[in-house]
Amino acid sequence: MKRLIERSRSVGEVLRWVTQNPGKVSASHYPIALHKLGQLLQQQQQQGQAALNGESRGVSPMLEQPEFQTLCQAIISGCSKFDNFSIVNCLYAAAALGLPGESPLVRVLEEESRSRLGRFNQKDVSMMLALCAQEANNKALEAIFSSQLFYENRQERFIRSMAEWLPRKAENLTPYTMALIAKYVARHRLREPRLLDTIANFLLKRGEQLDSKVIQKLVFPFSRMNYRPSNHSELFPKLEAILEQKAGSSPLATVNILMSMFQLSHFPQSVLHQVFSPAFITNVMSSPYALIVRRYLSLLDAAVELEFRQYRGPRLDPRYRVLMFEHALTADEANRKYSYKGLVAEALRQLVGEECYRQDEVLPPGYCTDFLLWVNRSGTVLPLSCVPAASKAPPALGTAAPAALSLRSSVLALTSDLQDFAPVVLSVNDKWHYCQNSDILVGSRAMRDRHLRLLGYCLVQV
């Protein structure tokens, strides 16, 4: 039965195997079925199909299917007899599937999990999170965020819940726990301003007591998501003062923190004097991480050249520069490997939701679009499913330019907290945007080419 479920190619096929063979279905098969349903629905959404094998796309239509109701009822009726592993995996799969929290299936699984909480092991607890984490102590939170299973999966509902209560508990958390939370948020790019501001306040209050490696972990979510915390006017100068005192204690962490601050348009000149000084370089050369630090120093040096033109202090000696690429890049390689597209898609998904944009759509009679959004006259982004068919025709060429000019103001009006995010500048002037997560991220082709040359390779046009 497990193999039959896993090999199913449609939602209907999964439901038929499970509901038409009740005698052959055990407790362990239910989470497998829920997980497979989630995979199939996700594949449908990624393929952009309105229907697959005659089925409607999305979770909501599936909830109304009699076979799915039968599956849910079987889990509800039998869950009291399930082992802990099956209970937790059913709840985890139901959350990943996107079932609403008020649904009978989720409510019953949550109640059963709560009653067994004392018998759950660390791995189980890390999967049943939104229910008990508010009451969890410091060690319990460490267990949650240290769990590999939890760390590898994106738990947005849990993060939204945690943003409500974490500010009240932050003072009692250890730096290690807060660093684990920051690492998780950064890995999954979970844009939750309240949670990010809590991390920033923790940094502001305890910065002097932390070593550079912990500070690096706590700062990273801000640069990863280009988020300037609400206390940045106090936090950044304080971080700068801390780095002046601790720059040599962990060279790699120091350079990473500087790169994060550059990402957020803060340029600590006095610290740059230190990291490019002969004493700092000598310290780097004698460390086991010499090549890694030289690589990041090379990136930082290029960032200074591009972003901090008024800097007049020491720079990285050319003898210590490390080339970023193994060979010269063609234009196609640069576009493919160092494109904004993935980050833009992620930002749109978080800002407006998956239902409000499409990627790589082709509009008749053949307009290729990277991203497609529909914005009404008041500047509101509409779900694409709500747009009347008549309005989906492409604009006449004569009206395309005015529409494009109004797009920026419309997008900036999406949400009030956009002003907290450092803007991405896409122009042909000398402004650029540096990204710590890839070697280069430059708006215009001319600036990208210049950045490549600074890093040691020319761009080959083909």
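This briefing walks through a helix pair, a set of salt bridges and one loop glycine. The model is predicted, so local features need pLDDT of at least 70, side-chain atom pairs count only at pLDDT 80 or more, and totals for chains, interfaces and linings use all residues. Residues are numbered from 1 along each chain as its sequence is written, and side-chain values use heavy atoms, with hydrogens and water left out.

**Helix pair α14 and α16**

- Helix α14 (residues 193–206) packs with helix α16 (residues 232–246) at an angle of about 45°, the axes being 10 Å apart. Axes here are lines fitted to C-alpha atoms, for helices over the stretch in contact, and angles run from 0 to 180 degrees between N-to-C directions. Helices (H or I, at least four residues) and strands (E, at least two) are DSSP runs, numbered from the N terminus.
- That makes α14 and α16 oblique to each other; angles under 35 degrees count as roughly parallel, over 145 as roughly antiparallel, 65 to 115 as roughly perpendicular and the rest as oblique.
- On the α14 side, the contact (heavy atoms within 4.5 Å) uses Ala-200, Leu-203, Leu-204 and Lys-205, and α16 brings in Glu-234, Leu-235, Lys-238 and Leu-239.

**Salt bridges around Asp-301**

- The structure holds ten salt bridges, each one a side-chain nitrogen of Lys or Arg within 4 Å of a carboxyl oxygen of Asp or Glu.
- Asp-301 pairs with Arg-315 through their side chains (2.7 Å, N to O). Arg-315 sits in the loop between α20 (290–307) and β3 (329–330) and Asp-301 in helix α20, so this pair ties together parts 14 residues apart in sequence.
- Asp-301 counts as buried at 4% relative accessibility, while Arg-315 is partly exposed at 31%. The cut-offs: buried is under 20% relative accessible area, exposed over 50%, partly exposed in between (1.4 Å probe, protein chains only).
- Arg-321 also forms a salt bridge with Asp-301, with the closest N and O atoms 3.2 Å apart. Arg-321 is in the loop between α20 and β3, and the two partners are 20 residues apart.
- Arg-321 is partly exposed, with a relative accessible area of 40%.

**Another bridge, and the network**

- Arg-319 and Asp-317 meet through their side chains in a salt bridge (3.2 Å, N to O).
- Arg-319 is exposed at 61%, and Asp-317 counts as partly exposed at 28%.
- Shared partners join Asp-301, Glu-305, Arg-315 and Arg-321 into one salt-bridge network.

**Gly-353**

- Gly-353 lies in the loop between α22 (341–352) and β4 (358–363), and counts as buried at 15% relative accessibility.
- Gly-353 and Pro-383 are 30 residues apart in sequence and 8.6 Å apart in space, C-alpha to C-alpha.
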